[in-house]
Amino acid sequence: MNIDEYLQKLPRNILDGEDANLSEKSYRTIFNLVNLKPSDIFYHLGSGDGLGVKIAKRDYNVKKSIGIDYNVKKINLAEKEASQENIVTEFIHQDILDADISDATVILFWFTDEQVIKKMKVKFSNLKEGTRIITIWGPLPETIPEKVDFPYIINTIPFKKANNIQEQLLSIFKVKCVDFVTAWEFAERYTKALGTPEVKNDRFLTIIQTLTIWINAKKLGVTCGEGIPESISTYIKLMKMNFDIDFEPLLND
Ligand SMILES: C[S@@+](CC[C@H](N)C(=O)[O-])C[C@H]1O[C@@H](n2cnc3c(N)ncnc32)[C@H](O)[C@@H]1O
């Protein structure tokens with residue numbers, strides 16, 4: 001089976017990240033990185049279980065902590081939990097594309113949908129100077145981030161424009177090209193930051209992420225040297241032999 005077929009077999013909510021929630025540890029890392037302070041107005045776009053909104057208020061004492069999600073069940077549950085814990089938060093049931101976020105000073109935005117990202121980037125561009133926007137795993141398109149602790153990426157308004165993909169790559173991965181080691185290192189950071197405590201699953205995820213990073217880098221023309229490195233070929237073979245997952249079609253796309 002090729003990688004696309006494999007992915008199609010996964011439950012939809014796993015594949016599209018709709019039910020992916022960050023851990024308390026991830027939120028603390030993010031909030032420390034962005035230097036969240038009591039004067040901040042924090043928005044979590046796609047707030048899911050509401051944990052981030054609660055932590056921002058309870059532990060960082062932000063002026064306002066607001067979660068927006070278009071899933072009414074999630075909003076109701078998050079609202080209920082926050083009020084039971086006496087944490088003053090605001091949960092809004094709305095599509096983020098329609099939301100008024102004009103008073104934001106810090107925004108957490110973990111989305112991979114290209115259309116949503118494109119539209120929200122325009123919206124973000126009109127925010128107050130100095131507003132910090134955190135994305136996870138991927139940068140906002142054509143921007144040079146202010147701060148990076150991969151997979152967490154911070155952009156500040158006004159956006160700094162990346163002149164090309166190499167410039168953006170350098171700002172995020174601190175390398176001029178992607179080889180196997182870079183792909184592995186960043187895949188591992190991502191899995192460690194967001195993965196489960198189940199180490200065996202982490203290794204499997206890291207291999208998938210490594211191959212995905214390297215193959216995407218190849219398509220963008222930013223891998224180091226010509227051809228496919230030995231270690232990448234080995235892992236492609238390993239995935240095929242042990243798990244019947246074929247990455248070759250991705251290489252030939
Ligand atoms: C981590 S975000 C990822 C969203 C998306 N699947 C993606 O990867 O681009 C998931 C949370 O955002 C919420 N969500 C997704 N799209 C939204 C939208 N347009 N407006 C508001 N909430 C949204 C979901 O209900 C879920 O709680």
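**The parallel strands and their surroundings**

Tutor: In this predicted model, strand S2 (residues 64-69) and strand S3 (residues 90-93) run parallel and are joined by four bridges. Within this pairing, Ile-68 stands opposite Ile-92 of S3. Between the two strands the chain passes through helix H5 (residues 72-84), and this β-α-β crossover is right-handed.

S1 pairs with S2 in the parallel sense, over five bridges. In this pairing, Tyr-43 has Ile-66 of S2 as its bridge partner. The way from S1 to S2 leads through helix H4 (residues 51-60), and this β-α-β crossover is right-handed.

S1 is also joined to S4 by four bridges, and these two strands run parallel. Here Tyr-43 has Ile-107 of S4 as its bridge partner.

The loop between S3 and strand S4 (106-109) contains Ala-104. Is Ala-104 buried or exposed? Ala-104 counts as buried, because it has 22 C-beta neighbours inside 10 Å, and the cut-off for a buried residue is 20 or more. The C-alpha atoms of Ala-104 and Thr-131 are separated by 6.9 Å, although these residues are 27 residues apart along the chain.

Let us now consider the ligand. It is surrounded by 19 residues, and the closest are Gly-46, Gly-48, Tyr-70, Phe-111 and Asp-113. The residues of this shell comprise eight nonpolar, five polar and six charged ones.

One runs from Phe-150 to Pro-151, with omega near 10°; Pro-151 lies in the loop between strand S7 (147-149) and strand S8 (152-156). Another joins Ile-157 and Pro-158, with omega about 0°, and Pro-158 belongs to the loop between S8 and strand S9 (160-161).

Next comes the loop between helix H7 (165-173) and H8, where Lys-174 is placed. The phi angle of Lys-174 is near 60°, a positive value in a residue other than glycine. Lys-174 is exposed, because 10 other C-beta atoms lie within 10 Å.

Helix H8 (residues 180-194) has 15 residues, which at 1.5 Å a residue should span 21 Å; its end C-alpha atoms are 21 Å apart, in agreement with that expectation. Its buried residues are Phe-180, Thr-182, Ala-183, Trp-184, Phe-186, Ala-187 and Thr-191. In an α-helix there are 3.6 residues a turn, so residues three or four places apart point the same way.

Finally, let us return to the whole. The chain holds eleven helices and nine strands, and 34% of its 253 residues count as buried. Its C-alpha atoms fill a box of roughly 55 × 40 × 30 Å along the principal axes. For 253 residues, a compact globule would have a radius of gyration near 18 Å, and the 19 Å of this chain agrees with that.

Technical notes:
Residues numbered from 1 in each chain as written. Predicted model: local features only at pLDDT ≥ 70, side-chain atom pairs only at ≥ 80, totals over all residues. Near = placed C-beta within 6 Å. Nonpolar A, V, L, I, M, F, W, Y, C, P; charged D, E, K, R; others polar. Expected span 1.5 Å × (residues − 1). Buried ≥ 20, exposed ≤ 12 C-beta atoms within 10 Å, placed from the backbone. Pairing = 2+ DSSP bridges. Right-handed = clockwise from strand over helix to strand, strands pointing away. Rg over C-alpha atoms; globule rule 2.2 N^0.38 Å.
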